[in-house]
Amino acid sequence: MHLLIPHASALGEAVIPALKLLDLPRLAELLALLQPQPDDLAAPAADNSEDDDAEYRYSPPHEAALARLAGWPGRDGNWPLAAWWAAQDGLDTSDLAGSSGVASADLGLALLTPVHWHVGTEQISLLDPQQLDLTEAESRGLLQAVRPSFEAVGWRIIWGAPLRWYAAHPDLLDLDCASLDRVIGRNIDLWLPRSAETRLQRRLQVEVQMLLHGHAINDAREAHRLPAVNSFWLWGCGAAQAAAVPDDLQIDTRLSAPLLGGDWAAWCNAWQALDAGPVAELLARARLGQAVRLTLCGERRAHSWAGPSPGTRPVWTRFLGHFKRARVIAVQPVLEQL
């Protein structure tokens with residue numbers, strides 16, 4: 001069993017009081033039983049980026065760790081997350097190449113997430129899409145409204161879920177994009193590169209904003225005091241091929257929404273639930289000498305700890321271990337390093 005936890009910690013002064021309040025006894029004991037792994041799963045694949053700039057990489061540590069564990073080809077900002085999500089949405093990406101007349105090795109797939117851009121006095125920020133409460137009917141209707149703009153430039157558009165539209169085109173194969181999790185609640189201008197390859201993306205965003213402004217679906221949403229869908233975020237570009245992950249990998253994302261929303265009380269409560277649930281299960285397995293692995297991901301790094309393979313400790317030593325006082329590791333310093 002391998003448990004991967006995104007947004008296990010954060011940067012900035014705001015998280016410090018929350019870290020001090022955390023009481024995670026099972027995690028403390030589990031870290032003492034396992035051995036830290038030397039590899040940094042969030043390290044860049046093919047560049048020499050300084051670790052001081054790690055929070056500004058396009059791919060957050062949990063996405064980079066997932067890609068490395070799965071053995072996906074790619075790099076920072078170009079892991080095939082769209083293909084992975086498409087598989088979870090039950091979409092068959094194998095026929096995309098044939099239907100588009102492009103060789104499968106040359107076709108890229110990207111996620112298009114319908115979003116709300118909040119225009120402030122000094123910046124434009126991106127609202128967490130989960131807060132849109134977008135229904136399937138609304139999502140499909142809005143996609144139909146903007147579909148001609150994408151198809152006019154040769155992108156094939158596919159609906160996968162209310163918050164997941166997909167685009168397929170050779171230009172999306174090697175396009176580097178900032179992950180949605182990097183942008184939520186932040187100034188989007190910092191994450192929109194101004195390269196020749198992204199000019200089309202910016203043009204499409206402008207067209208979509210115009211098409212969605214005053215759309216009947218958005219008018220109805222605003223009448224019910226719901227945020228309008230006024231743009232999209234392009235991310236997860238990569239090869240349009242099957243992107244599988246190890247069968248024993250369990251990803252628990254319950255910390256993500258409260259952390260991205262700055263709700264530290266809810267984040268602490270989610271950590272408590274994690275400690276009592278999946279972390280406790282991992283601890284029980286480790287106590288029995290089963291092979292387990294834990295990966296904690298923050299905004300800069302992803303660190304892993306692994307336990308012994310089954311049978312490496314005699315049964316009698318595992319039995320006596322239950323009567324010894326459990327060793328623990330201080331959790332706060334560990335999380336601060338993420």
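**Around Glu299**

Biologist: Where in the chain is Glu299 found?

Modeller: Glu299 sits in the loop between E10 and strand E11 (302-306); helices (H or I, at least four residues) and strands (E, at least two) are DSSP runs, numbered from the N terminus. This is a predicted model, in which local features need pLDDT of at least 70 and side-chain atom pairs pLDDT 80 or more, while totals for chains, interfaces and linings use all residues. Residues are numbered from 1 along each chain as its sequence is written, and side-chain values use heavy atoms, leaving out hydrogens and water.

Biologist: How should I read the strands beside that loop?

Modeller: In general, strands of a sheet pair through backbone hydrogen bonds, either parallel or antiparallel. Here, an open sheet of five strands with mixed pairing has the order E2-E11-E10-E1-E9 (two strands pair if DSSP finds at least two bridges between them). Its edge strands, each pairing on one side only, are E2 (35-36) and E9 (249-251).

Biologist: How many bridges join E1 to E10?

Modeller: Four bridges join E1 (residues 2-5) to E10 (residues 293-297), and these two strands run parallel. For Leu4, the bridge partner in E10 is Thr295.

Biologist: Back to Glu299: is this residue buried or exposed?

Modeller: Glu299 is buried, with a relative accessible area of 10%; buried means under 20%, exposed over 50% and partly exposed in between, using a 1.4 Å probe and protein chains only. Across the protein chain of 338 residues, buried residues make up 48%.

Biologist: Which residues is Glu299 in contact with?

Modeller: Leaving aside neighbours within four places in sequence, Glu299 is in contact (heavy atoms within 4.5 Å) with Ser9, Ala10, Leu11, Ala54, Glu55, Pro61, Arg182, Arg186 and Leu338. With Arg186, the side chain of Glu299 makes a polar contact of 2.3 Å (N or O atoms within 3.5 Å, one able to donate a hydrogen and the other to accept it; residues adjacent in sequence count only through side-chain atoms).

Biologist: And how do I look for empty space?

Modeller: Rolling a probe the size of a water molecule over the atoms shows where empty space is left. This structure holds three cavities of 30 Å³ or more; a cavity is a set of points on a 1 Å grid where a 1.4 Å probe fits but cannot get out, and lining residues have an atom within 4 Å of a point. The largest cavity has a volume of about 60 Å³, counted as the space filled by probe spheres set on the points. Among its lining residues are His7, His62, Arg182, Arg186 and Glu299. Helix H7 (180-183) and helix H10 (256-260) are the elements that give two or more residues to that lining.

Methods. On a 1 Å grid over the protein atoms alone, a cavity is a set of points where a 1.4 Å probe fits but cannot get out, and a pocket is an open set with protein on both sides within 12 Å along at least five of seven lines; lining residues have an atom within 4 Å of a point.
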